[in-house]
Amino acid sequence: MDSTLLNLLDLLAPEAVALNFPATSAEAVIRHLAAALFKGGYVRETFAEAALEREARLPTGLRLSGEIHAAIPHTDIEHVIRPAVGLATLPTPVVFQNMIDPTDAVPVRLVFLLALEQPKSQVEMLQQVATILQNPQVVSELVAAQTLEEVRRVLAQVVPTQS
Amino acid sequence: MSKPKVVLVACGTAIATSTVVAHAIEEEMKKRGINITTRQCKATEVPSLAADADLIVTTTPLPSNLGKPVIQTLAFLTGIGKEEVLRQIEEILKQ
């Protein structure tokens, strides 16, 4: 399969979707999603530690234009077996430091954990994540989703229908 | 056609964020008729690659004194201030 055609819906790993996840720290969210991706065979055992180490050094919190903020933790490709996206929505925000200003503590309620392989092969999915982040309405709907089916319906708004 | 301007796009791992940013800048500059090529790199690689660049766009903090114009922005991820950043990029690349 040509991985350039993979979009966000293709790459969302159902086993790594944690809705209303009761986390108290960014680390807990990353560990939970990374463990699910490992169990699903998407990433190596080293992925969780690598993602945490990278988050500490180069944080991924993003202040968005609406009231809900997000983070996109990820790490180097060597820890990934096949690309996948994990998703967590949080009833209570956890702090991720701001990507552009690591001294800024961002309260985050939406987390996309990205397991990426070749730099250019997931352009489409990454663009779709950015499209979501730029749309406060879609972000709210995503955080309000109660089932995987609802999540997929919200994501379908930004993923062009399959040709 | 004139020689394309080189935009160096930096982020933490050179995989995710800079891919989005590079793609967005390429599309927007094409619309404006500005001929560019983008190169992605890790923030730590910028000092060694800056010499060949006309502009550096980064989503993470960079060392200062790179000798090239630097735009630090999350606009291509969050959408906040995107038009203003595009205007700045266009201005620098038209010089």
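Two strands pair if DSSP finds at least two bridges between them. Helices (H or I, at least four residues) and strands (E, at least two) are DSSP runs, numbered from the N terminus.

**Entry 1: ground rules**

I noted that this is a predicted model, in which local features need pLDDT of at least 70 and side-chain atom pairs count only at pLDDT 80 or more, while totals for chains, interfaces and linings use all residues. Residues are numbered from 1 along each chain as its sequence is written, and chains are lettered from A and ligands numbered from 1 in the order in which they are written.

**Entry 2: the sheet of chain A**

I began with strand 1 of chain A. It pairs with strand 4 (residues 84–97) of chain A in the parallel sense, over three bridges. In this pairing, Val17(A) has Leu87(A) of strand 4 opposite. I then looked up the whole sheet. Five strands of chain A make an open sheet in the order 1-4-5-3-2, with mixed pairing. Strand 1 (12–18) and strand 2 (61–62) of chain A are the edge strands, each pairing on one side only.

Next I checked what crosses this region. Helix 5 (residues 136–144) of chain A lies across strand 3 (69–71), strand 4 and strand 5 (105–115) of chain A. It runs at about 80 degrees to strand 5 of chain A. Such axes are lines fitted to C-alpha atoms, for helices over the stretch in contact, and angles run from 0 to 180 degrees between N-to-C directions.

**Entry 3: two helices of chain A**

I looked up helix 2 (residues 26–39) and helix 3 (residues 47–57) of chain A. Their axes come within 9 Å and cross at roughly 150 degrees. Helix 2 and helix 3 of chain A are therefore roughly antiparallel to each other. Angles under 35 degrees count as roughly parallel, over 145 as roughly antiparallel, 65 to 115 as roughly perpendicular and the rest as oblique. The crossing of helix 2 and helix 3 of chain A is right-handed. A crossing is left-handed if the near helix is turned anticlockwise from the far one by less than a right angle, and right-handed if clockwise.

Which residues meet? From helix 2 of chain A I listed several, including Ile30(A), Ala34(A) and Phe38(A). From helix 3 of chain A, Phe47(A), Ala51(A) and Leu52(A) are among them. Contact here means C-beta atoms, placed from the backbone, within 7 Å. The residues of this contact between helix 2 and helix 3 of chain A divide into ten nonpolar, no polar and three charged. Ala, Val, Leu, Ile, Met, Phe, Trp, Tyr, Cys and Pro count as nonpolar, Asp, Glu, Lys and Arg as charged, and the others, Gly among them, as polar.

**Entry 4: where the chains touch**

I counted both sides of the contact: 23 residues come from chain A and 18 residues from chain B. Helix 4 (residues 123–133) of chain A gives the most to the side of chain A that touches chain B, with five residues. That side of chain A has 14 nonpolar, five polar and four charged residues.

**Entry 5: the sheet of chain B**

Chain B has an open sheet of four strands in the order 2-1-3-4, with parallel pairing. Strand 2 and strand 4 of chain B stand at the edges with a single partner strand each, so one side of each has no neighbour in the sheet. On average, neighbouring strands of this sheet are turned by 20 degrees against each other, direction ignored.

I followed strand 3 (residues 55–58) of chain B. Four bridges join it to strand 1 (residues 5–11) of chain B, and the two run parallel. Ala10(B) has Thr58(B) as its bridge partner. On to strand 4 (residues 70–72) of chain B: strand 3 of chain B pairs with it in the parallel sense over three bridges. There Val57(B) stands opposite Ile71(B), and Thr58(B) has Gln72(B) as bridge partner.

Are the faces of strand 3 of chain B buried or exposed? Both are covered: Leu55(B) and Val57(B) on one side, and Ile56(B) and Thr58(B) on the other, are all buried. A residue is buried if 20 or more other C-beta atoms lie within 10 Å of its own, exposed if 12 or fewer, and partly exposed in between, with C-beta atoms placed from the backbone.

**Entry 6: loops**

Asn65(B) is in the loop between strand 3 and strand 4 of chain B. Asn65(B) has a positive phi of about 60 degrees, although it is not a glycine. It is exposed, with 8 other C-beta atoms within 10 Å.

How values were computed
Contact = placed C-beta atoms within 7 Å.
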